[in-house]
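Subject: Structure for you to look at

Hello,

Here is the structure I said I would pass on. My notes on the chain interface and on some helix packing follow it.

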There are 2 protein chains.
Amino acid sequence: MPTNGMANPTNCNTLSAEPVSIHTDAVIIGAGPVGLFQAFQLGLHGIACHIIDALPYIGGQPAQLYPDKPIYDIPGIPCCTGLELVQRLEQQISPFAPALHLGQQVTTLERAADKHRLLLGTTAGLRLAARCVFIAAGVGAFVPRPLKAEGLDSLAPGQVQYHPSDFACASGQHIIIQGSDTSAVQAALTCVQQAASVTLLHRRDSFTAPPALLDALQQQRMTGQIHVAIGQITRVQADAHGKLRAVTLLDSNGQTQQMDANLLLAWPGISPRLGALANWELRLDNKQLVVNTADFQTSQAGIYAVGDINTYPGKRKLILCGFHEATLAAFAAAEYLSGQPVALQYTTSSTQLQKRLGI
Amino acid sequence: MPTNGMANPTNCNTLSAEPVSIHTDAVIIGAGPVGLFQAFQLGLHGIACHIIDALPYIGGQPAQLYPDKPIYDIPGIPCCTGLELVQRLEQQISPFAPALHLGQQVTTLERAADKHRLLLGTTAGLRLAARCVFIAAGVGAFVPRPLKAEGLDSLAPGQVQYHPSDFACASGQHIIIQGSDTSAVQAALTCVQQAASVTLLHRRDSFTAPPALLDALQQQRMTGQIHVAIGQITRVQADAHGKLRAVTLLDSNGQTQQMDANLLLAWPGISPRLGALANWELRLDNKQLVVNTADFQTSQAGIYAVGDINTYPGKRKLILCGFHEATLAAFAAAEYLSGQPVALQYTTSSTQLQKRLGI
């Protein structure tokens, strides 16, 4: 049990010495646009892959930081939102059905005793052995800024959940949902059907979600089904078994109030962290992974870095540059895995590529 | 008047010593996808440009070689045809309204006496002075394979026209249209309204065009408005003034026939040619322009090469790689032109970029 109150089991640091459970050709660290396109390019080479991301959903920065904001510089797409870009890439890679492992960070990356396979471990206890690894980790793993409140250490696991996607635990409970974005509003509207009470808590009375959700929220507030509380949690109280009993709120006028609660679902702000990557014995320059522009390999054979995490002369942190990098890295990996030159084929004319695409 | 029968004035080799008529920051040679995206990236930096292409329309290889074929590997676009990709790029660059100079090849590229400006001349007699030049010429200029037939030299200008876009000259004439693609079929259907007679000539009785056009062609054939002839032109006959009078056809059975005609419009096959580029004192490796991957500059300052025409370690001739190359080349040129570092901005968040985009 970590002491920062991050009780979500997918964020527990439970990496142990259990045997490797997944053997694969390729692991991609990061499910942002460049990581997703990496899977596409590997798929064209007939290389299956697993993708790991700290966020509980795909899409990385565009999905997390600007899902509704327009992007104008993706070639051939005059305008799309961050979320639309992710959805387009999701559709594009669907023929290759990469295995997704979300809501967990890669904590270890080391070479197996055979000097070839790369062993990875995640915060969710997943263990993988891969022949090559693609680090598409952007500015680092986006991890929730943990709540800071007195008493969090005394809570049993599961009493505070960060970015949950399943709400079965809400049944019959007095729930506080902390957050202001679409996910938090959606969670409040979902939980209201089964919880004993639902309080939506934020620093301000301002929520960001599609109009239909905001309308539904307003309706539930008017009928008293959802209570909106303005303030910040300063203290949590547990019973002798570590069960949540109440929280103390501080509002903007400096007033405190206590509120009964047995479950806290939190969508706090998310901030990027380079995390364990700094310890992987890869050459770094100013916290970026140094690669060469012929194959986007790092200082270690079989480990490639693409997108915002890498650096090379002329580097610009643009999504479209990451697409190119992922493409050349896929060719390099295909040659590394097969031990022979790989010729260029075009999706327009190659029956082999079209077969792989399921066309 | 060239001796290969290429009487289209835009293909005449009339470059002379007339003064420079266009002064600009940037010239892009090639209006394929990468050349078009080069204009977009320059536009984001506030750099206006002129684009020159040998073809009479934008789009390069995708527009010329596979307009109706699907492309699957443009990032974020699961499937689009060559023509759709070009249309998407055309829309994307429209805020920057690059000046287009089509149907002409760049024949000369040399440095002005001041050692800074780059002077270009085209087959249409255009003279430009640019501060930087982007060579996005793909596999070379797509130029019509000229007709080979006895007597072509004796024709006056305008009697044979390659890839014409204007058919006013057809009025009242006996016209032979040589070709089998959409443009040729469309030309036959357009000319039939004003010509004295229209013959559509091809090696085989097989035409490639959208179904609606093929239906219309069939209808005109059945009513005798358009005559389809199968064979190849072996000889043309002119009167004393060089006016076309008749052509001699050879059919697949070895039979010849003579046919009256006073105008020959030709859509022959198109083949790429590196052309004059080989003489521009730029470092070449196996007919590709050598660039470095930090700025995609050639061996000469201010001259960049992007897309299929360039080479560097790891190079793969893919459109999406050209997009990246054009992007870094634009940054490099922006720094070269301004003499100072240019910071990265994002179209999602930069009001300056959005202003340039007209948003």
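Contact here means heavy atoms within 4.5 Å. On that basis, and bearing in mind that this is a predicted model, 44 residues of chain B are in contact with 44 residues of chain A.

**The interface**

The size of an interface is often given as the accessible area lost when the parts come together. For chain B and chain A the buried area comes to about 3700 Å², with 62% of it on carbon and sulfur atoms. Three residues, Tyr72(B), Arg316(B) and Thr348(B), supply 19% of the area that chain B buries against chain A.

Over all chains, the whole structure has 14 salt bridges. As for where that pair sits, Glu335(B) belongs to helix 6 (residues 319-338) of chain B, while Arg316(A) lies in the loop between strand 22 (310-311) and helix 6 (319-338) of chain A.

**Helices 1 and 3, chain A**

In chain A, the axes of helix 1 (residues 33-44) and helix 3 (residues 82-93) come within 9 Å and cross at roughly 15°. Angles under 35 degrees count as roughly parallel, so helix 1 of chain A is roughly parallel to helix 3 of chain A. The crossing of these two helices of chain A is left-handed.

From helix 1 of chain A, the residues that take part are Pro33(A), Leu36(A), Phe37(A) and Phe40(A). They meet Leu85(A), Val86(A), Leu89(A), Gln92(A) and Ile93(A) in helix 3 of chain A. By class, this contact has eight nonpolar residues, one polar and no charged ones.

**Helices 1 and 3, chain B**

In chain B, helix 1 (residues 33-44) and helix 3 (residues 82-93) pack at an angle of about 15°, their axes being 9 Å apart. Helix 1 of chain B is therefore roughly parallel to helix 3 of chain B. Their crossing is left-handed.

Helix 1 of chain B contributes Pro33(B), Leu36(B), Phe37(B) and Phe40(B) to the contact, and helix 3 of chain B contributes Leu85(B), Val86(B), Leu89(B), Gln92(B) and Ile93(B). The classes here are eight nonpolar, one polar and no charged residues.

**Helices 4 and 5, chain B**

How do the axes of helix 4 and helix 5 of chain B cross, and at what angle? Helix 4 (residues 182-191) and helix 5 (residues 211-222) of chain B have axes that come within 10 Å and cross at roughly 45°. The two helices are therefore oblique to each other. The crossing of helix 4 and helix 5 of chain B is left-handed.

On the helix 4 side of chain B are Thr182(B), Val185(B), Gln186(B) and Leu189(B). These meet Leu213(B), Ala216(B), Leu217(B) and Gln220(B) in helix 5 of chain B. Five nonpolar and three polar residues make up this contact, with no charged residues.

Regards

Conventions: Residues numbered from 1 in each chain as written. Chains lettered and ligands numbered in written order. Predicted model: local features only at pLDDT ≥ 70, side-chain atom pairs only at ≥ 80, totals over all residues. Heavy atoms only, no water. Axes fitted to C-alpha atoms, helices over the stretch in contact; angles between N-to-C directions. Helix = DSSP H or I, 4+ residues; strand = E, 2+ residues; numbered from the N terminus. Parallel < 35°, antiparallel > 145°, perpendicular 65-115°, else oblique. Left-handed = near helix turned anticlockwise from the far one by under 90°. Nonpolar A, V, L, I, M, F, W, Y, C, P; charged D, E, K, R; others polar. Buried area = accessible area lost by both parts, 1.4 Å probe. Salt bridge = Lys/Arg side-chain N within 4 Å of Asp/Glu carboxyl O.
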